[in-house]
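Here is a protein chain to read through by question and answer. Please look at the sequence and the model before going on.

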Amino acid sequence: MEGRDIGSVVLPMARCKIFLTASVEERARRRAKQAGRGTPTDVISEVAAELRERDRLDSTRQHSPLRLMPDAHLVDNSRLDLDQTVARVLEIARAVTMDPSASVPRFWMRHYEFAHHQIAKMMRRSFHIEVH
């Protein structure tokens, strides 16, 4: 699942929480490119200002504010490409799932392969890449 309040509100007891982030500048560059606006400095600056405002609003709202939970794994993909990001997320998920010292909810253990399949499906559909 993805969302700005999944780890704090929707699934606070989830065993594997990943807080995926990137610098505002990198997010702005990616968003401008994705929207077909190119990557000129003025466009990136405009998009970065919009993202900073959204982050500020989301972080300070009264209900379900955006925040990094203490038990979440922080992944900053500012300098990672898509394949590296997916590999890092899967590495964390596998490590959490295989840790015998932690109490692993049966739901997570039974549905790990399903979750992996769903991530691969999303990556294939959204980014036209194959994840194995």
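This is a predicted model: local features need pLDDT of at least 70, side-chain atom pairs count only at pLDDT 80 or more; totals for chains, interfaces and linings use all residues.

Student: What share of the residues of the protein chain counts as buried?
Tutor: A residue is buried when its relative accessible area is under 20%. The protein chain has 132 residues, and the share of them that counts as buried is 30%.

Student: What share of the contacts with a separation of 6 or more is made by residues 24 or more positions apart?
Tutor: These are contacts in the protein chain with a separation of 6 or more. Residues 24 or more positions apart account for a share of 62%.

Student: How far does helix α4 reach from its first C-alpha to its last?
Tutor: Helix α4 covers residues 82-98, which is 17 residues. At 1.5 Å a residue the expected value is 24 Å. The reach in the model is close to that, at 24 Å.

Student: Within what arc do the buried residues of α4 fall?
Tutor: The buried residues of α4 are Thr85, Val86, Val89, Leu90, Ile92, Ala93, Val96 and Thr97. Seen down the axis of α4, they line one face of the helix, because they fall within an arc of 155°.

Student: Which residues are exposed on the other side of α4?
Tutor: Exposed means over 50% relative accessible area. On the other side of α4, the exposed residues are Asp83 and Met98.

Student: Which residues are linked with Glu26 in a network of salt bridges?
Tutor: Glu26 forms a salt bridge with Arg29, with 2.6 Å between the closest N and O atoms, and the side chains of Arg30 and Glu26 meet in a salt bridge at 2.9 Å, N to O. In helix α2 (residues 24-34), Glu26 and Arg29 are three residues apart, while Arg30 and Glu26 are four residues apart. Residues three or four places apart in an α-helix point the same way, because there are 3.6 residues a turn. The residues linked with Glu26 in the network are Arg29 and Arg30.

Student: Is Glu26 buried or exposed?
Tutor: The limit for buried is under 20% relative accessible area. Glu26 has 14%, so Glu26 is buried.

Student: How many residues apart are Asp55 and Arg27?
Tutor: Asp55 forms a salt bridge with Arg27, the closest N and O atoms being 2.9 Å apart. The pair links distant parts of the chain, with Asp55 in helix α3 (residues 41-60) and Arg27 in helix α2, and the separation is 28 residues.

Student: Which residues form a nonpolar patch on the surface?
Tutor: One member, Val10, lies in helix α1 (residues 6-10). At 42% relative accessibility, Val10 counts as partly exposed. The patch has about 220 Å² of accessible area together, and its residues are Val9, Val10 and Leu11.

Conventions
Residues are numbered from 1 along each chain as its sequence is written. Side-chain values use heavy atoms; hydrogens and water are left out. Patches are made of residues with over 30% relative accessible area and no salt bridge: like charges are joined within 9 Å, nonpolar side chains (Val, Leu, Ile, Met, Phe, Trp, Tyr) within 5 Å. Accessible areas come from the Shrake-Rupley method with a 1.4 Å probe; for residues, only the protein chains shown count as cover. A salt bridge is a side-chain nitrogen of Lys or Arg within 4 Å of a carboxyl oxygen of Asp or Glu. Helices (H or I, at least four residues) and strands (E, at least two) are DSSP runs, numbered from the N terminus. Buried means under 20% relative accessible area, exposed over 50%, partly exposed in between (1.4 Å probe, protein chains only). Contact means heavy atoms within 4.5 Å. The expected span of a helix is 1.5 Å times one less than its number of residues. The arc is that of the directions from the helix axis to the C-beta atoms.
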